[in-house]
Amino acid sequence: MSIAQTVSCLDGYDPDALRVDKAREAIRSCLSPMTHSEKISVRDALGRVLAEDIVPPINVPAHDNSAMDGYAVRFSDLEKSASLKEIGTALAGKPFPGKLGAGECVRIMTGAVMPDGADTIVIQEIVKKDGDRITIPQRQKKAQNVRYAGEDLAKGQAVLRPGQLLRPAELGLIASLGIGEVKVKRKLRVAFFATGDELASIGAPLKEGEVYDSNRYTLHGMLSRLGVELIDMGVVRDAPDALEQAFRQASERADAVITTGGVSVGEADFVRQLMSRLGEVLFWKIAMRPGRPMAFGKIGDAFLFGLPGNPVAVMVTFYQFVRDALLFMSGREAAEMPLLKAAAAETLRKVPGRTEYQRGILFKEGGAWKVRTTGQQGSGVLRSMSEANCFIVLEHERGAVKSGEQVDVQLFEGLA
């Protein structure tokens, strides 16, 4: 089934006034997760997506052991006497070789194997020691401060699943099982370029009517946080031959292609025509601000995301559509940007019938979280993104917001 047929089946699909949620649904309906994988060392797996179950070949911990420094005892002895005889020491990596008898205890350190016969640990801070006699206060609990074999990870039971992002904790967990190599999804290859005769390279003097190319740098930064393989194809001029070559090369080398510029009504018509001629590309007018025009489709085996040219619109559409799509294509489990609640610190202008992403500053005042805008909200004002620490997300049906009303925010920090 073609992309157009797939998305046209969705309820409420209207390419000339597409809601944000429907655009996300349309994109997701066309995508499939990465199936290719490779085996790499655990040390190199940070930020990669797991492609196999991790099943412990051993219990972790491997033995019953002490969770605290103290004394290993038989709980039944504490019911008869508060005074026990210390007969030895158990250290981490050096177990006590004997067995506890009635009225005996063993000095034990955190992580040491529980001595044979012991079932409870009494922490050192509460006991009284007189030679080899240890006095223990009442009201101890049986099995307190004991970590049992397999309590953390049980042998034979999967602890990590395909699709999980491998963070430092996951690397340590895998290493704790004695596993040195792990199967991960192949990195998603993403090609990107900017279009426009008005774009000048950094370092070159600006000619009349030119602006420096900034979109590729923001794209590079946002993509780098996703752990994909980047293919930066630079700036492509508004010439049919150059653009066709760029689209063909990008689609042959990458799993996804991202462009900025050339998708708005009034821009060079041959850009839109070229996209459609080389593959199947849909052009949408999304009911959002900023970032109304957007293209989505497929050229060869690569999915295409055609973003607007204005700098803020590029970032907003990337975070609201492209980010989740690329993570899904990478084979990663759901990692949507969470929505948090905060009180508007000022009146926010809003027209019903579109979703708005105003750039905001989240702050704490009087023990409560509040948010205000960065000021000017034009789609070309990149400073509004630099000064912000969140998006203020004003939903489709909502109108103007009064000061003090609750609004949704998406934090910038931690995006990946």
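# Exercises on a predicted model

R186 lies in the loop between β10 (181–185) and β11 (189–195). The structure is a predicted model, and the exercises below begin with this residue.

**Exercise 1.** Determine whether R186 is buried or exposed, and identify the residue whose side chain is joined to that of R186 by a polar contact.

*Solution.* 
Step 1. The relative accessible area of R186 is 16%. Buried means under 20%, so R186 is buried.
Step 2. Residues up to four places away in sequence are set aside, and R186 then touches M34, H36, S37, E38, R48 and D255.
Step 3. The side chains of R186 and D255 are joined by a polar contact of 3.2 Å.

**Exercise 2.** Describe how strand β15 (residues 256–260) is placed in the structure, and state which strands are joined to β15 by bridges.

*Solution.* 
Step 1. Five of the five residues of β15 are buried, so the strand is largely enclosed by the rest of the structure.
Step 2. The two faces are examined in turn. A256, I258 and T260 are buried on one side, and V257 and T259 are buried on the other, so that both faces are covered.
Step 3. β11 and β15 run parallel and are joined by five bridges; within this pairing, A191 stands opposite V257.
Step 4. β15 also runs parallel to β19 (residues 302–307), again with five bridges. Here V257 stands opposite L304.

**Exercise 3.** Locate D408 and describe its surroundings.

*Solution.* 
Step 1. D408 is part of strand β24 (residues 406–411).
Step 2. With a relative accessible area of 14%, D408 is buried, because the cut-off for a buried residue is under 20%.
Step 3. D408 and V393 are 15 residues apart along the chain, yet their C-alpha atoms are separated by 5.3 Å.
Step 4. Apart from residues up to four places away in sequence, D408 touches L339, L340, K341, F391, I392, V393 and E395. Among these, K341 makes a side-chain polar contact of 2.9 Å with the side chain of D408.

**Exercise 4.** Characterise the largest pocket by its volume, its lining residues and the elements that contribute to the lining.

*Solution.* 
Step 1. The volume is about 440 Å³.
Step 2. The lining consists of 22 residues, and V20, D21, R24, Q320 and Y357 lie nearest the centre of the pocket.
Step 3. Two or more lining residues come from each of α2 (20–30), α8 (311–329), β21 (355–365) and β24. α2 gives the most, with six residues.

Technical notes:
Residues are numbered from 1 along each chain as its sequence is written. This is a predicted model: local features need pLDDT of at least 70, side-chain atom pairs count only at pLDDT 80 or more; totals for chains, interfaces and linings use all residues. Side-chain values use heavy atoms; hydrogens and water are left out. Helices (H or I, at least four residues) and strands (E, at least two) are DSSP runs, numbered from the N terminus. Buried means under 20% relative accessible area, exposed over 50%, partly exposed in between (1.4 Å probe, protein chains only). Contact means heavy atoms within 4.5 Å. A polar contact is a pair of N or O atoms within 3.5 Å; within protein, one must be able to donate a hydrogen and the other to accept it, and residues adjacent in sequence count only if both atoms are side-chain atoms. On a 1 Å grid over the protein atoms alone, a cavity is a set of points where a 1.4 Å probe fits but cannot get out, and a pocket is an open set with protein on both sides within 12 Å along at least five of seven lines; lining residues have an atom within 4 Å of a point. Grid points are joined across faces, edges and corners, and a volume is the space filled by probe spheres set on the points. Two strands pair if DSSP finds at least two bridges between them.
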